[in-house]
Amino acid sequence: MMDWQALVISLKLASFTCLALLPIGLVIAYVLARSQFFGRGFCEALITLPLVLPPTVLGYFLLVSMDQNSFLGDSFVSLTGQHLAFSFMGLWFASLIYSLPFAVQPMLRSLEQIQPELREMAWCSGLSKWKTFLKIELPLAWPGIVTAMVLTFSHTLGEFGVVLMIGGNIAGETRTLSIAIYDSVLAFEHEQAQMMSLTLLAIALVTITIVYTFNRRHRHLLRL
Amino acid sequence: MLEVTLSDPGQPTLNVEFTCSSGQLLALVGPSGAGKSTVLRCIAGLHEAAQGQIRSNNRDWFNSDNKVNLTPQHRRVGFVFQNYALFPHLTVSENIQLAQTDKTDVIVTTDLLSRVRLTGLDNRYPHELSGGQQQRVAIARALARNPDVLLLDEPFSAVDKVTRRKLYLELNSLRRQLDMPIILVTHDLDEAAMLADTLVVIHHGKTLQQGEPEQLLHKPNTADIAKLVDVRNLFTGRLINKNNSFKLEWNNIELDLEQDYSSELNGQSSLPVSWTISPAKVILHQRVKPSRGEQENPVQASIIEMLTLRGVTTILLKLSTDNHELIQMDISEHVATRNQLAVDNMISVSLLSSAIHLIYN
């Protein structure tokens, strides 16, 4: 039988992560694409790190940083009276970190692909830098932004290692669909595991298909 | 009126100075990498030179002494980029409206479109237009802001030769309606000479000479400029004073000169010089019909090579003396045919003394 509660938690986590990473990722990608500063390479490496780091290692460091004795964990407790570790908030925070490269990289690539002359032309046409971003850069980088959001959503939905380390397995709070699948397999409930796996597979397939179709149409429209 | 004085010791090096009046088309010419586009970017406010001044209609756009440096948004320039930089996600009319002061004024958009002969194409996207049409949209957009200065950065380099010739005529006709200074950057000398009122030669970021096309192409100030503007007959010789008559000694030939060069000689008996003569001013002594001027610096020469392009025959001549240098002559194709000129023929030509231009080393 399908664990609907876990599905809701997964979708909620993926949606919240997407909503938060849209502005955060865009700001980081814009700064990286448009400015040269000392340590740029290190910053890029730091953002990309969750891609290559084993999820358990990342999860471990995040768990340590959320400990009540750490600065982050202590600050969160004094602000909200709640613990970050093994809570939905902690899971959300961890998702922001491990999904960051999936949000930043596509946005960065699409912003970098915009010809510098287009921005300069917009300035010479009287547009401020903010209006240039809104009217020129944002529409042209749109495929990258959509890709970033879909990848973030799909990746958050399917993440397992970090979720287990940070959230544990608290039903209705941190028990996501991927954890529920793991539990079902351990309990030899193969039918349930299969149903939930197929649900995740379907969501991933549909979202990726939408992205590819959208991007192809956008490219065709702009002859990019 | 646009006044530009810029200097920058860094990369790229700049040392330029020129002025351009309203309604005048000034062409910045020079080889690739000479700094022409950088100058244009400085005028637009996209690049900041270390020192200098850019004034448009007596208003400082850039003044390093007073720390004035207006942003591109506040300079009112119309810029046509080399690749036109049309916004690919906007239609033709949206591209133009974006640059309009009143973005909702459709009449202005329609008027601009008709000025560049694009009426009816307002809903097309840039990728649906030909190269020539794209250039016209770029010009319309540049004019949409009612600019104080129009900047054209190699606007013809992205189109084929046939379209280019059409666009030359269109730009020439359009510029007569414009009353702002127009700066054209090009590496094509013929294009510059055809369209511009004034040429400014730039090399290694430095202005070498400013003048009318005719003067600059035929009377360059230095041998370096002569090479840059592709002067075809450039030689070295000696200016001599022979009994108060000034001659140009060129290997074993003495050529008569028209002007008084006593101030240049400054009491010396001779002075090493470079000299040029336009290929059109090397006059053929016609076999069938002798012309005036045959007594003027006549020389015998044999034809080494002949090449005809668009009705003009360029002939490469080797003088029949110990002089081993080759001289080029341009004559009408029909003159070459009528005189039955062919390779290896011996002919007689005059090097018009009024056309000999001396360059002091």
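So, to get us going: in which strand of chain B is the place of B:Val185? The answer is strand E9, which covers residues 182-186 of chain B. Before I go on, please keep in mind that what we have here is a predicted model.

Let's stay with B:Val185 for a moment. Is this residue buried or exposed? B:Val185 counts as buried, because there are 26 C-beta neighbours inside 10 Å, and the cut-off for buried is 20 or more. Who does this valine touch, if we skip the neighbours within four places in sequence? The contacts of B:Val185 are B:Leu28, B:Lys36, B:Ser37, B:Leu40, B:Leu152, B:Asp153 and B:Glu154. And one distance for you: from B:Val185 to B:Val200 there are 15 residues in sequence, and 9.7 Å in space from C-alpha to C-alpha.

Okay, let's zoom out to chain B as a whole. Chain B has ten helices and 21 strands. The C-alpha trace spans about 75 × 50 × 30 Å along its principal axes. Of its 361 residues, 38% count as buried. If you take the contacts in chain B with a separation of 6 or more, 68% of them are between residues 24 or more positions apart.

Now for a sheet. Five strands of chain B make an open sheet, and the order is E14-E13-E12-E15-E21, with antiparallel pairing.

As background, most residues other than glycine have a negative phi, and most peptide bonds are trans. Where do we find a cis peptide bond? One joins B:Gln11 and B:Pro12, with omega about -5°, and B:Pro12 lies in the loop between strand E1 (2-8) and strand E2 (14-20) of chain B. Then there are two asparagines with positive phi. B:Asn57 has a phi near 50° and lies in the loop between strand E4 (51-56) and strand E5 (59-63) of chain B. B:Asn57 is partly exposed, because 14 other C-beta atoms are within 10 Å. B:Asn244 has a phi of about 60° and belongs to the loop between E12 and strand E13 (245-250) of chain B. With 7 other C-beta atoms within 10 Å, B:Asn244 is exposed.

Over to chain A, and a pair of helices. Helix H1 (residues 4-34) and helix H7 (residues 129-158) of chain A pack at an angle of about 145°, and their axes are 8 Å apart. The crossing of H1(A) and H7(A) is right-handed. Residues making this contact include A:Leu13 and A:Leu21 from H1(A) and A:Met149 and A:Phe153 from H7(A). By type, the contact has nine nonpolar residues, five polar and no charged.

Last stop: where the two chains meet. The contact takes 16 residues from chain A and 17 residues from chain B. On the chain B side, strand E7 (77-80) and helix H2 (92-99) are the elements giving two or more residues. That side of chain B divides into eleven nonpolar, four polar and two charged residues.

Notes. Residues numbered from 1 in each chain as written. Chains lettered and ligands numbered in written order. Predicted model: local features only at pLDDT ≥ 70, side-chain atom pairs only at ≥ 80, totals over all residues. Contact = placed C-beta atoms within 7 Å. Helix = DSSP H or I, 4+ residues; strand = E, 2+ residues; numbered from the N terminus. Nonpolar A, V, L, I, M, F, W, Y, C, P; charged D, E, K, R; others polar. Buried ≥ 20, exposed ≤ 12 C-beta atoms within 10 Å, placed from the backbone. Axes fitted to C-alpha atoms, helices over the stretch in contact; angles between N-to-C directions. Left-handed = near helix turned anticlockwise from the far one by under 90°. Pairing = 2+ DSSP bridges.
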